[in-house]
Amino acid sequence: IRRLEESVVNRIAAGEVIQRPSSAVKELVENSLDAGASTVSVTVKDGGLKLIQVSDDGYGIRFEDLPILCERHTTSKLSAYEDLQTIKSMGFRGEALASMTYVGHVTVTTITEGQLHGYRVCYKDGVMENEPKPCAAVKGTQIMVENLFYNMVARRKTLQNSNDDYPKIVDFISRFAVHHINVNFSCRKHGANRADVHSSSRLDTIRNVYGASVVRDLIEIEVSDEDAGDAVFKMDGYISNANYVAKKIMMILFINDRLVECTALKRAIEFVYSATLPQASKPFIYMSINLPSEHVDVNIHPTKKEVSLLNQERVIETIKNTIEEKLRNCNTTRIFKSQKAPVSQMVRTDPRNPSGSLHAYLVSVRNVVRSRRNPKDAGDLSSRHELLMEIDHPGLLEVIKNCTYVGLADEVSALIQYNTHLYLVNVVNVSKELMYQQALCRFGNFNAIQLSEPAPLQELLLMALKDDEIAEANSKILKENAEMINEYFSIHVDHDGNLTRLPVVLDQYTPDMDRLPEFVLTMGNDVTWDDEKECFRTAAAAIGNFYALHPPILPNPSGSGVQVYKKDIDHELLAEAETAWSQREWTIQHVLFPSMRLFLKPPKSMATDGTFVQIASLEKLYRIFERC
């Protein structure tokens, strides 16, 4: 074992703190904010490798501090370790400037209030290369970092071969500009006349940086937890509504004015939106959280991009619930634009084509909460309460609440893990039971799916069963009971015998409309209308079966149906099948199983009817391996 030379130690540490040009920009901008700057200008050349220049109008640096300015662990932010408990500044370690001098050429020009002239000094390896020279200067500090990583060949080559770091720098400055609305930020490439970032009001900055379409779909959010003495916090910001569509989540998070990341909070928010946004679409989030300084541990990451919070789970749960409520209350209308939607992605709902290849048109989903004349009517029905009380199996409930989704095993089954056990789960049975229970729980208080064109009951019934007499009889039954099924289940049949609305059983989940004729037939034929409890049970069961995640009607092109498409390749049909199966797989993972963990109370029958089958146990596998 050998003791490394100090120069080697410092260069290794510098490579960890200043990982790339954008890291240096972030550190310098945070120093400017700590200095009370109201204007921060950033200029970059060759992605920051040739030049990074950050100028501000802050307090400046005192002449007597210049000799130790770039030494490691010299700082004006704290003097004792205990100061970290109440630290409010962005920086505190005294490592950033020192690190830059070990991997680049640093020049500092500064002037403090009341001085007649400023000083300029160059630094290398933590020390001044020359005495500070008097010079003309404007209020504040300008720091130039040139030839970054000149002495780290592998790092420099990697950065030169990768994409230019300038977009990352713009992203950092944009995030600061969105949050610090009292500071005027600008960021430009060296020699460019126009800045790529310039700040104004918060919404205007978001509009300038991320586009007008983002601002159009933002809603304001605010939450506080001041009553709880052990977890005082406030949060405000903007979140996107359900109409916002993007391929990647954009989350701007500031905790106590510090730009950070929080993986747990990000996952919680993505979980909330997964039941709200269309497949593969991600939200836009700007969030500012303020907590007492002693509740935030800022010293857990080399580049300070992560922090640890006291009572973090409680804070995240409060924010998650607030977002969920805000989305539920504010997103009154979901908009789907049909002009860009390919035929293969449209929901097929036309009842007038008995051959089965239904004409495509979009269903507009409206989250319209229909207020009952007396909301207590549904909740007080004893038969509904009895049906809910009949459901429960404590053993399986523990498995469901704490399981982890593994993946699909085949077209009907999925794998989940609970502790050291692996289970095979029948997706159809689970989803059918979940939808049945949700139909009972939301009884009388459903949101609605509005069909864009009324669907005549009799034609739907003829599609399900080609018998005019039965179709007419069931159509008559449904029209006679139209008021009740509309009031309790939000299934609306108009005076002309047309189906116009269906219930939202799981938020933002639309059932397979190819099964609509079968559902209408079941409602007319299998519901027991003359007994209250049986009526509710059979109607909820019909809804559960319709909304369950059955395999799509088109054969699976990646599974058992591959031969069907090989015989006579219909590219449009193949694309439609691929979309249907991939969308079902996504829905199982991101909608069904999260909802199952939250809402499902498994009946006892699921433990014995093959819905949940334990197929492996880690302990038993270990014993087998030991014998081998």
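Biologist: What's the handedness of the crossing between helix 16 and helix 18, left or right?
Modeller: In this predicted model, helix 16 and helix 18 cross in a right-handed way.

Biologist: And which residues make that contact?
Modeller: From helix 16 you have Met 484, Tyr 488 and Phe 489. Helix 18 brings in Cys 535, Phe 536, Ala 539, Ala 540 and Ile 543.

Biologist: Where do the two helices sit in the chain, and at roughly what angle do they cross?
Modeller: Helix 16 covers residues 482–489 and helix 18 covers residues 532–547. Their axes come within 12 Å and cross at roughly 70 degrees.

Biologist: So what do you call that, parallel or perpendicular?
Modeller: Roughly perpendicular, because angles of 65 to 115 degrees count as that.

Biologist: OK, new topic. What's up with phi at Asn 147?
Modeller: Asn 147 isn't a glycine, yet its phi is positive, about 50 degrees. Most residues other than glycine have a negative phi.

Biologist: Where is Asn 147?
Modeller: In the loop between strand 7 (140–146) and helix 4 (153–161). Phe 149 is in the loop between strand 7 and helix 4 too, and Phe 149 also has a positive phi, near 65 degrees.

Biologist: Is Phe 149 buried or exposed?
Modeller: Phe 149 is buried, with a relative accessible area of 0%.

Biologist: And what's the relative accessible area of Asn 147?
Modeller: For Asn 147 it's 30%, so that residue is partly exposed.

Conventions
Residues numbered from 1 in each chain as written. Predicted model: local features only at pLDDT ≥ 70, side-chain atom pairs only at ≥ 80, totals over all residues. Heavy atoms only, no water. Axes fitted to C-alpha atoms, helices over the stretch in contact; angles between N-to-C directions. Helix = DSSP H or I, 4+ residues; strand = E, 2+ residues; numbered from the N terminus. Parallel < 35°, antiparallel > 145°, perpendicular 65-115°, else oblique. Left-handed = near helix turned anticlockwise from the far one by under 90°. Contact = heavy atoms within 4.5 Å. Buried < 20%, exposed > 50% of the residue type's maximum accessible area, 1.4 Å probe, protein only.
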